[in-house]
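Please open the model in your viewer and keep the selection tool at hand.

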Amino acid sequence: MKSHAISFDGARALPAIGQGTWYMGEQPTLRGKEVAALKAGIDLGLRLIDTAEMYADGGAERVVGEAIRGRRDEVFLVSKVYPWNAGGDKAIAACEASLQRLGTDRIDLYLLHWRGSFSFAETVAAMESLIAQGKILRWGVSNLDAEDMQALWQTPGGEACATNQVLYHLASRGIEYDLLPWCRQHNLPVMAYCPLAQAGKLRSGLMQSPVVQAIARALDATPAQVLLAWVISREGVMAIPKAATVEHVAQNAAALRLTLTQEMLEALDRAFPAPGRKTPLDVV
């Protein structure tokens, strides 16, 4: 049985379920609940919090900043930079703005949100500069496919990349063909966003799947917990679901204690098989 823990570039091991914040910070009336959910997640050991300057135009980072106030050292903080800010002075300014919104002096892991017009060499140089200034401790990427990762690795300094964050869930398994094996070969952890298909049309189909529901009943769990348990059963993969309520984050944390049997994993494979050929990287 794999350990449900992930480590990024020498950092202390983290539980393989973190906290996402996409769509947080968009409605002021929900801010209190969102902050409470993130605090509850920290209390339950979900110490990694993922956010981005894109989310609610910085609003999600402000929510995170409020949630971690007074307990920054308990949290492994991840944020992401827009592609058009991922080089030169723009990267420095974008990072400083994120730090201000987050109310901290450092980001544990800073990601290129997706590939843009800046070259990998320019982005790597910006990340190295931010590390030298102490503003970030390590850097990574998001939404990069296998060919992109190979190109990054051929860029001087590119091998310092600490993670690739991509869309991955039971009904979106395209990364298993080449990207996930490549990341494993290079000891690069993968962060799975939308692990419950939150942003797609497949969510209801997954939750209502007779196979998923049968496994949930057998484990006295929810379908969502089964889906999270499946994601983190993959070697080298962490899930970062968003939970906007205390109850939801508690359910996510409980998924760390679920163990899917080999028979359950095989049943899920039959119901939602991985593609046998290269497919375009899913992005939302």
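Select C161 first: its sulfur lies 8.1 Å from the closest cysteine sulfur, that of C183, which is too far for a bond. A disulfide is a pair of cysteine sulfur atoms within 2.5 Å. C161 is buried, with a relative accessible area of 4%; buried means under 20% relative accessible area, calculated with a 1.4 Å probe on protein chains only.

The model is predicted, so local features need pLDDT of at least 70 and side-chain atom pairs count only at pLDDT 80 or more, while totals for chains, interfaces and linings use all residues. Residues are numbered from 1 along each chain as its sequence is written, and side-chain values use heavy atoms, without hydrogens and water.

Select C95 next. Its sulfur is 16 Å from the closest cysteine sulfur, in C161, again too far for a bond, and C95 is buried at a relative accessible area of 0%. The structure holds 0 disulfides.

Now turn to L48. Among the 98 residues of the largest nonpolar core, F8, L48, Y110, M149, L152 and L260 touch the most other members. Helix α9 (residues 223–232) supplies the largest share of this core, 8 residues. Such a core is a set of buried Ala, Val, Leu, Ile, Met, Phe, Trp, Tyr and Cys residues joined through side-chain atoms within 4.5 Å; helices are DSSP runs of H or I, at least four residues long, numbered from the N terminus. Beyond its neighbours within four places in sequence, L48 is in contact (heavy atoms within 4.5 Å) with residues including F8, F76, M191 and I240.

Definitions and conventions
Buried means under 20% relative accessible area, exposed over 50%, partly exposed in between (1.4 Å probe, protein chains only). Helices (H or I, at least four residues) and strands (E, at least two) are DSSP runs, numbered from the N terminus.
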